[in-house]
Amino acid sequence: MRGLYDLCVRTLVLWDIDHTLISIGELSDEIYGDVFRRVTRRPLEKLADMTGRTDLAITADTLRLHGIEPTDELMRTFAETLAAAFSARQDDIRTRGRALPGARAALEALERRGDVLQSVLTGNMRPIAVCKLAVFGLDGFVDFEAGAYGLDDAERPPLVKLAQARAEGRYGETFDATTTVLVGDTPNDVLAGHEGGARVVAVATGASDASALRAAGAELVLESLADTDAVVRAVLDVSGS
């Protein structure tokens, strides 16, 4: 006899990481500064805006702000050094950062459902995404192979279709705007979802408040992930499950 979930179309949930699932305060800025000095042998004078952006865009813009051309070789060196730096600072990430309230419970609740697949859509490059979630024990709830990352494209919207394609390749199921939910904390996440082909549940746990996220067009806005039942309902309501 087939189970209830076998009859359902599954929903692909793509989680943003920073300020949605975790926060590490100003440590990211600090690490970027250290890596910039190490790679360019110059002090970091200004860091490009990081909010809701990809590592590819942040790095290229930061280099340009200092009059440095972001060549392919330099970008590759910067990315490798940045990934190694985050890995080396895991203890600092653990002591200075935190999983946001309700993050683990929300991931666990959705994992228990047979009609949901979870991955990430993040501006972090993949090694940093894995590092950040692993530090807080959240890495086991998402399929990193089905995600999209900050070195895949400079802009976030194309990452949605890339994640959908990767998930389809892994699970043999087609995911589109009716079966993909992006969970994030910035207007850029909302834009990525709508332009890329996903519906959006926004959480006001970052720099943008609930009114700004509603104005950006998020289908549903939560103040936080603290109410697990509300998170699950939001994901299922937005996807029509």
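1. Helix 1 passes helix 3 in a right-handed crossing (right-handed means that the near helix is turned clockwise from the far one by less than a right angle). Helices here are DSSP runs of H or I with at least four residues, and strands are runs of E with at least two, numbered from the N terminus.

2. This is a predicted model: local features need pLDDT of at least 70, side-chain atom pairs count only at pLDDT 80 or more, and totals for chains, interfaces and linings use all residues. Residues are numbered from 1 along each chain as its sequence is written, and side-chain values use heavy atoms, leaving out hydrogens and water.

3. Helix 1 (residues 27–40) and helix 3 (residues 72–88) pack at about 130°, with axes 10 Å apart. Axes are lines fitted to C-alpha atoms over the stretch in contact, and angles run from 0 to 180 degrees between N-to-C directions.

4. On the helix 1 side, the contact (heavy atoms within 4.5 Å) includes Ile31, Val35 and Phe36. Helix 3 brings, among them, Leu74, Phe78 and Leu82.

5. Buried residues (under 20% relative accessible area, 1.4 Å probe, protein chains only) of helix 3 include Met75, Ala79 and Phe86. The buried residues of helix 3 pack against helix 1, helix 2 (55–65), helix 4 (90–96) and helix 6 (126–135).

6. Helix 10 is mostly covered, with nine of its 12 residues buried. Val231, Val235 and Leu236 are among them. The cover includes strand 1 (11–15), helix 5 (103–111) and strand 4 (116–120).

How values were computed. Buried means under 20% relative accessible area, exposed over 50%, partly exposed in between (1.4 Å probe, protein chains only).
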